Amino acid sequence: MERYQRVEWHHGFDEEPIVIYSEIDAKGFETRKVEQFRDGSTTFADELTATGSSWLSEVALPSLEEINEQSEFKAEPIAASTFEAVWRSAHEERG
């Protein structure tokens with residue numbers, strides 16, 4: 001069963017995303033991802049496509065609890081419909 005998450009990344013780097021949305025398979029691997037940047041722009045990746053600096057992780061993602069143990073991150077589960085809306089928006093932005 002897939003799961004979906006939203007991770008805020010608190011940092012001062014303009015070239016890095018501040019929010020990362022992920023669709024994760026039953027084994028813990030990303031199948032789709034959207035990264036949102038400070039200026040509002042987004043990039044995305046799936047198994048066939050990657051835009052900007054986005055790419056799918058090659059290793060299984062840690063649990064939400066493990067992510068939240070790091071003070072610069074705030075991770076939370078999201079609904080599949082929320083992820084789908086973000087995914088569509090990122091694709092529409094690319095035209």
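Isoleucine 20 has glutamate 35 in strand 3 as its bridge partner. This pairing belongs to an open sheet of five strands in the order 4-3-2-1-5, with antiparallel pairing. Here helices (H or I, at least four residues) and strands (E, at least two) are DSSP runs, numbered from the N terminus, and two strands pair if DSSP finds at least two bridges between them. The model is predicted: local features need pLDDT of at least 70, side-chain atom pairs count only at pLDDT 80 or more, and totals for chains, interfaces and linings use all residues. Residues are numbered from 1 along each chain as its sequence is written, and side-chain values use heavy atoms, with hydrogens and water left out.

**Strand 1 and its partners**

- Strand 1 (residues 3-9) is largely enclosed by the rest of the structure, because five of its seven residues are buried. Buried means under 20% relative accessible area, exposed means over 50%, and partly exposed lies in between (1.4 Å probe, protein chains only).
- Strand 1 runs antiparallel to strand 2 (residues 19-24), and six bridges join them.
- Within this pair, tyrosine 4 stands opposite glutamate 23, and glutamine 5 stands opposite serine 22.
- Strand 1 also pairs with strand 5 (residues 73-77) in the antiparallel sense, over five bridges. Arginine 6 has glutamate 76 in strand 5 as its bridge partner.

**Strand 3 and the two hairpins**

- Six of the seven residues of strand 3 are buried, and the strand is mostly covered.
- Strand 2 and strand 3 pair in the antiparallel sense over six bridges. They form a hairpin with five residues between them, and glycine 28 in the turn has a positive phi of about 95 degrees.
- Strand 3 and strand 4 are joined in the antiparallel sense by five bridges, with glutamine 36 opposite threonine 42 in strand 4.
- The hairpin of strand 3 and strand 4 has five residues between the strands, and glycine 40 takes a positive phi near 95 degrees there.

**The largest pocket**

- The volume of the largest pocket is about 440 Å³. On a 1 Å grid over the protein atoms alone, a pocket is an open set of points with protein on both sides within 12 Å along at least five of seven lines, whereas a cavity is a set of points where a 1.4 Å probe fits but cannot get out. Grid points are joined across faces, edges and corners, and a volume is the space filled by probe spheres set on the points.
- The pocket is lined by 19 residues, of which Trp9, Ile20, Lys33, Glu35 and Phe73 are the closest to its centre. Lining residues have an atom within 4 Å of a point.
- At least two lining residues come from each of strand 1, strand 2 and strand 3.
- The lining has nine nonpolar, five polar and five charged residues. Ala, Val, Leu, Ile, Met, Phe, Trp, Tyr, Cys and Pro count as nonpolar, Asp, Glu, Lys and Arg as charged, and the others, Gly among them, as polar.

**Individual residues**

- Phenylalanine 44 lies in strand 4 and counts as buried at 4% relative accessibility.
- Glutamate 72 lies in the loop between helix 1 (64-68) and strand 5 and is partly exposed, with a relative accessible area of 30%. Leaving aside neighbours within four places in sequence, glutamate 72 is in contact with Glu8, Trp9 and His10.
- Alanine 26 lies in the loop between strand 2 and strand 3 and is exposed, with a relative accessible area of 63%. Alanine 26 and glycine 40 are 14 residues apart in sequence and 30 Å apart in space, C-alpha to C-alpha.

Key. Contact = heavy atoms within 4.5 Å.
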